[in-house]
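Q: I would like to go through this model with you, one topic at a time. Could we begin with a single residue and then move to the packing?

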Amino acid sequence: MPVTLYRMSIVPFIRGLENLSHILKKGSNAESTIPASQLVSARLHPDMQGLAYQVQRVSDTAKGAAVRVAGLDPVAMADTETTFEDLQERITQTLEILKRVKEEDMEGKEDQEVVMKTMHGEKKFTATDYLLQYAVPNFYFHVVAAYAILRKEGVDLGKMDYLAGGRE
């Protein structure tokens with residue numbers, strides 16, 4: 001089976017978001033020993049953003065890929081999450097968006113131009129390069145950051161929580 005844009009992005013984004021939801025549930029369950037407000041605002045380092053920001057960037061990266069490559073209409077989210085419940089709702093909404101993408105929505109778009117506007121100007125990619133060089137690595141960077149923040153704060157997480165999200 002050939003590797004398609006859909007299989008290299010949407011499929012792992014869905015799994016990664018499901019795993020992140022599991023990780024956040026474990027963080028939420030740790031509230032008896034660690035205050036939720038401490039966890040949601042925790043950072044790995046003072047110059048890094050907190051847990052809520054990491055989840056927001058995971059969401060934005062995944063839905064941004066669906067918009068830029070599959071042609072979905074943009075869905076704005078306000079970045080106002082301050083609780084585990086808020087973060088879970090953000091993940092749920094992002095999963096709903098991604099599950100609307102069909103494999104054929106991305107077929108034949110490997111060389112389609114993708115323009116990403118940043119504070120440093122526009123970056124242009126092919127759809128393939130955008131996914132492989134930006135979207136997928138950025139998605140996993142923020143999932144790992146969220147995992148690491150909770151782990152640093154004492155939440156009982158292990159490698160299989162990250163890889164399998166509680167699935168055996």
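A: Arg7 is partly exposed, because its relative accessible area is 32% (buried means under 20%, exposed over 50% and partly exposed in between, with a 1.4 Å probe and protein chains only). This is a predicted model, in which local features need pLDDT of at least 70 and side-chain atom pairs count only at pLDDT 80 or more, while totals for chains, interfaces and linings use all residues. Residues are numbered from 1 along each chain as its sequence is written, and side-chain values use heavy atoms, with hydrogens and water left out.

Q: Which helix is Arg7 found in?
A: Arg7 belongs to helix α1, residues 5-8. Helices (H or I, at least four residues) and strands (E, at least two) are DSSP runs, numbered from the N terminus.

Q: And what does Arg7 touch, not counting residues up to four places away in sequence?
A: With those neighbours set aside, Arg7 touches Met1, Pro2, Pro12 and Glu103. Contact means heavy atoms within 4.5 Å.

Q: Turning to the core, how many residues has the largest nonpolar one?
A: The largest nonpolar core has 51 residues. Such a core is a set of buried Ala, Val, Leu, Ile, Met, Phe, Trp, Tyr and Cys residues joined through side-chain atoms within 4.5 Å. Leu24, Leu51, Met106, Tyr130, Leu131 and Leu150 have the most contacts inside it.

Q: Which elements give two or more residues to this core?
A: They are α1, α2 (10-29), α3 (36-41), α4 (51-68), α5 (84-98), β1 (113-118) and α6 (127-152). The most comes from α6, with 11 residues.

Q: What does Leu150 touch?
A: Beyond four places in sequence, the contacts of Leu150 are Ile23, Leu24, Gly27, Leu39, Leu51, Phe84, Val155 and Leu157.

Q: How are α2 and α6 oriented to each other?
A: Their axes come within 10 Å and cross at roughly 10°, and α2 and α6 are therefore roughly parallel. Axes are lines fitted to C-alpha atoms, for helices over the stretch in contact, and angles run from 0 to 180 degrees between N-to-C directions. Angles under 35 degrees count as roughly parallel, over 145 as roughly antiparallel, 65 to 115 as roughly perpendicular and the rest as oblique.

Q: Which residues make that contact?
A: Among them are Phe13, Leu17 and Leu20 of α2, and Val136, Phe139 and Tyr147 of α6.

Q: Is α2 mostly covered or exposed?
A: α2 is mostly covered, with 14 of its 20 residues buried.

Q: What does α5 pack against?
A: The buried residues of α5 pack against α2, α3, α4 and α6. These buried residues include Phe84, Leu87 and Ile91, as well as Gln88 and Arg90.

Q: Now the strands: how many bridges join β1 to β2?
A: There are 6 bridges between β1 and β2 (residues 121-126), and the two strands run antiparallel. Two strands pair if DSSP finds at least two bridges between them. A hairpin of 2 residues joins β1 to β2. Across the pair, Val114 stands opposite Phe125, and Glu113 stands opposite Thr126.

Q: Lastly, what is the phi of Asp79?
A: Asp79 has a positive phi of about 60°, although it is not a glycine. Most residues other than glycine have a negative phi. Asp79 lies in the loop between α4 and α5 and counts as partly exposed, at 32% relative accessibility.
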